[in-house]
Amino acid sequence: MSKKKISRRKFIVRGALGTAGTLAIGTYLFRNSIRRSIAGMANTADTPYMGNTKTPIIWFETTAENNIIFHCPKVEMGQGTFTGLAQIAADELEVSIQQMQVIHAATATGNIDSFSTGGSTSVSGLWQPLRELAATMREMIKGEAAKKLGVNITTLSVRDGIISGGGKTLSYAEAVKDVTDWEIPNTPVLKNLKDYKFIGKPIPRIDLKDKVFGAPIFGMDATMPGMLFGAVVRPSSIGAKYIDSDTSEAENMPGVVKVVKEKDFVGVVAKSRMEAENAKKTIQVNWDIEKAWQTKDIEDMIKVGNGEPIVIQKEGKAKSILEDDEGIITQEYTSPIGAHAQIEPNGAVASVEENKATIMMSTQVINFSRKEVADRLGFDEEQVNIIPTYLGGGFGRRLHTPNAIQAAILSRAVGKPVKCFFDRKEEFQNDTFRPPTHHVLKAKLKSDGSIEAIEHNVSSGDVMFGSPLVPKIAFSIIGADVGAWRGGMIQYGKIPNYRAISWRVKLPFATSWWRSLGLLANTFAIESFLDELAIKTGKDPVQFRLDQIQDDERGHRLKEVIKAASNKANWKDGVTNDRAMGFAASTDANTPCAHVAEVSIENNQIKIHKVTCAIDPGIAVNPDQVRAQCEGSIIMGISASIYERMYVEDGQLRPVIYGPYRMALMKHAPKDIDVVILENADAPGAVGEPPMGPIGAAVANAVFRLTGKRLRSLPLELS
């Protein structure tokens, strides 16, 4: 299918939630109400697919062996996206899973989502357009088969890529052979959910074999013929700006091909990585360093009251009620700086020629990386081809990958492909960190024990703002950082008076997207506070939450996961055999989730024996994939809640290696993670991040029952 002609209709391009222009209308005059409306939409709306859906031909390729290659616009970073999307496509294409091969779409194909891969939107965002594209591709192939078989298309049926009709058969491969001009029909009627063979089934991972046998599929595995190796001198101090450097010693080191000086960095190209790294260490860089920051400086900055308050949620008269000193309950909670600490550090392999560039890399932002490289090289975007690889861990770390620029500059300087990666120390020190947070919660109870008013104040460094993915105009319109207050709204709609306030603090080091964004810290604060209120009223914490939830669709789904988790765990509010349970719940990206953590204290350490998770992601395209995502998210949340923390010492972020940067090990994982999947929505929703929300609070709430000590700071430490 070398020539691709679209002759009848175009697929609708699914747009963003709104444009900067429409959002800006009346911004100043009605700024506060508009901001709260936008916040509400961002808190509840799904993000649509924002790439090319004009023709199925750039999505699907039929091979001579009668298989289908799906050029996926989303990257696979371990979340199982390739498998789930293959199931969706196979059902409408009428092929078996064994006939589906999924590969990353390169920018040269044009099949790229401008939204990137993130926010737990890969399956949910492609649910509708992918089914439409697959169904249309099926009908396009049937149309060509009808011509070759000399029958009416309405008489044809398809099974496993074999078209039958009029006593004749034709494979997809035979039907598409020699076709150069295609007609795109109107979008066919999609199948009923009950008629799908693969959607809803626990299909094994289609990328399992490659990963088990160590196929070279990750960014660090990438190679190009004639490749050299690059190393870039990266700053170790916060806010350091490159001024100049002395490279005289490096230029004469063994294996060095060239030392490259740019306005903002200096790097080495050598015949091997070791030679490049050795030469890099001899370069003397003059850095402009503003201040030797300390952890105490950062803690003083991250305080509710610093910066401009933006009310992101408001109902009733919470402010006036909570201004009265009598009967007001107030508590504070904090969370620290967190690193991504993914196994594979950032890097790229770049080949730059006179008028084109090819980049192989692990990235969540394929489209944006292409634009950055093109701008720096002075190329048109069409001259840059980003070829994505599997990611050795993403978690938001690869939502900005400017290292592609550095690899491209080094390649252009030597006229050969260059492979250039961070080392582990550089990866830790130049991360885009999870920002620290400070929370102040206030509440007033009625005489019957219900909540009369509640308020959540959260102070945080940037998550969304400061990211190159987000237009600068967004801050002036929204005011508050959507990422920082993710999970920070009050979800208990029966409370008559509530509000949430975001305080933005600009930190001296880069903070940005981290798995679930602000959800973990915000839910830890809110759900710990709810537990404290329940205990103060003498009510069961589960029932106390149920009593505060509104009777609408969103509230119904939240109630159901709360009931499912507590029932499955056989919830008990107390200590039994030196173990206690803790409960917490949250709703993230329209996916409600509830956890019960069963905990004990052993040798003055928190030990988590079991976590029961109930989640309602809507349609579970692959139940095994949903369970795996819940398990991974819970374990990552446990690691962040009990162990992980970065410090600032003399202007440097530390630790810089695994080990000193404490993380949960296999021995710290719960022996049992029991996942209950509910499906109370008519489409797939977010899965990868929502289970992160409740885990910190659930563990902390259990610890209180065991020790009588309320832990209000992450990581949770008994002494």
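Predicted model: local features only at pLDDT ≥ 70, side-chain atom pairs only at ≥ 80, totals over all residues.
Three strands make an open sheet, ordered 4-5-6, with antiparallel pairing. Strand 4 and strand 6 lie at the edges, and each pairs on one side only. From one strand to the next, the twist averages 25°. Strand 5 and strand 6 run antiparallel and are joined by four bridges. Ile163 stands opposite Leu170 in strand 6. Helix 4 packs on this sheet and touches strand 4, strand 5 and strand 6. The direction of helix 4 makes about 135° with that of strand 6.

The elements of this region are listed here.

| Element | Residues |
|---|---|
| Helix 4 | residues 122-149 |
| Strand 4 | residues 157-159 |
| Strand 5 | residues 162-165 |
| Strand 6 | residues 168-171 |

**Helix 19**

Helix 19 spans residues 692-707. Of its 16 residues, 13 are buried, so the helix is largely enclosed by the rest of the structure. Just after helix 19 comes Gly708, with a positive phi of about 75°.

**The cores**

The largest nonpolar core holds 72 residues. Which of them touch the most other members? They are Ile454, Ile562, Phe583, Ile606 and Val699. Leaving aside residues up to four places away in sequence, Val699 touches Ala597, Val599, Ile606, Ile608, Ile642 and Leu716. A second core is separate and has 51 residues. Phe82, Val102, Val123 and Ile203 are among them.

Technical notes:
Residues numbered from 1 in each chain as written. Heavy atoms only, no water. Buried < 20%, exposed > 50% of the residue type's maximum accessible area, 1.4 Å probe, protein only. Helix = DSSP H or I, 4+ residues; strand = E, 2+ residues; numbered from the N terminus. Pairing = 2+ DSSP bridges. Axes fitted to C-alpha atoms, helices over the stretch in contact; angles between N-to-C directions. Contact = heavy atoms within 4.5 Å. Core = buried A, V, L, I, M, F, W, Y, C linked by side-chain atoms within 4.5 Å.
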